[in-house]
Amino acid sequence: GENFVNGTWTPNYKAGMVPLTRLFIVPGNHDVKVTNSERKEIIDRLTDWNSSYYTPAEGNISESDIRILKEGETDFINFIRKLLGTERAEMYTKPHFVVKTEQFNILHVDSTLTYGQGRNRDFVIGSGALLDALDECVPNKPTILLTHYSFDFLTQQERNEVEKLLESTDVQLWLAGHEHRLCIAFADLC
């Protein structure tokens, strides 16, 4: 990210002629510092299915837990601030948010919330926060969902809840990264 801000990639950006208002980025695993022990403790609590600390059906992650989880993305958020400005960077302090364009709702979902040392799968994203972000979408306008990790990186319980939420929305496309290979999957959620 820093090379982009310092201009190394600027010619590529200018050659593509993509305005910054049309540049949409979500944090990936390399954007998260995972060495904070308090962050690890929260991840362990959120993903411990023997406790009721987090239940996918409710999908609630406390604001204090979100704040600590997002502290692992401080450098990424600073990169966004330099690249896209303070207003857009502030959006990244929430787990999920929507950028509304003339044609689309661009739903940014932080799939790295529970990524950490030794935890490369079985993530939770906070289905409650996802529902809040979906509620921000402009009705009757197609929604494009962006994540770093794809649907299959979530826990089975979290996938079940996310699928229920998406069944009744205008999400038309889910774009995910991480795999470093092209994979196109079609899902009939209707």
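Here is a short tour of salt bridges in this predicted model.

The count comes to 8 salt bridges, and we'll stop at some of them. The idea behind the tour is simple: side chains of opposite charge can pair when their charged atoms come close.

**Stop 1: R81 and E90.** Select both and show the side chains. They meet in a salt bridge, with N to O at 3.3 Å. Color by accessibility if you like: R81 is partly exposed at 28% relative accessible area, and E90 is partly exposed too, at 41%.

**Stop 2: K94 and E136.** Next, pick this pair, another salt bridge with an N to O distance of 3.3 Å. K94 sits in the loop between helix 6 (86–91) and strand 1 (96–100), while E136 belongs to helix 7 (residues 127–136), so the bridge ties together parts 42 residues apart in sequence. As for accessibility, K94 is partly exposed at 36%, and E136 is partly exposed at 30%.

**Stop 3: E161 and K164.** Now move to helix 8 (residues 156–167), where these two are 3 residues apart, which puts about one helical turn between them. Is E161 buried or exposed? It has a relative accessible area of 14%; buried means under 20%, so E161 counts as buried.

**Stop 4: K70, E73 and D110.** Finally, select this trio together. Salt bridges with shared partners join K70, E73 and D110 into one network.

Terms used:
Residues numbered from 1 in each chain as written. Predicted model: local features only at pLDDT ≥ 70, side-chain atom pairs only at ≥ 80, totals over all residues. Heavy atoms only, no water. Salt bridge = Lys/Arg side-chain N within 4 Å of Asp/Glu carboxyl O. Buried < 20%, exposed > 50% of the residue type's maximum accessible area, 1.4 Å probe, protein only. Helix = DSSP H or I, 4+ residues; strand = E, 2+ residues; numbered from the N terminus.
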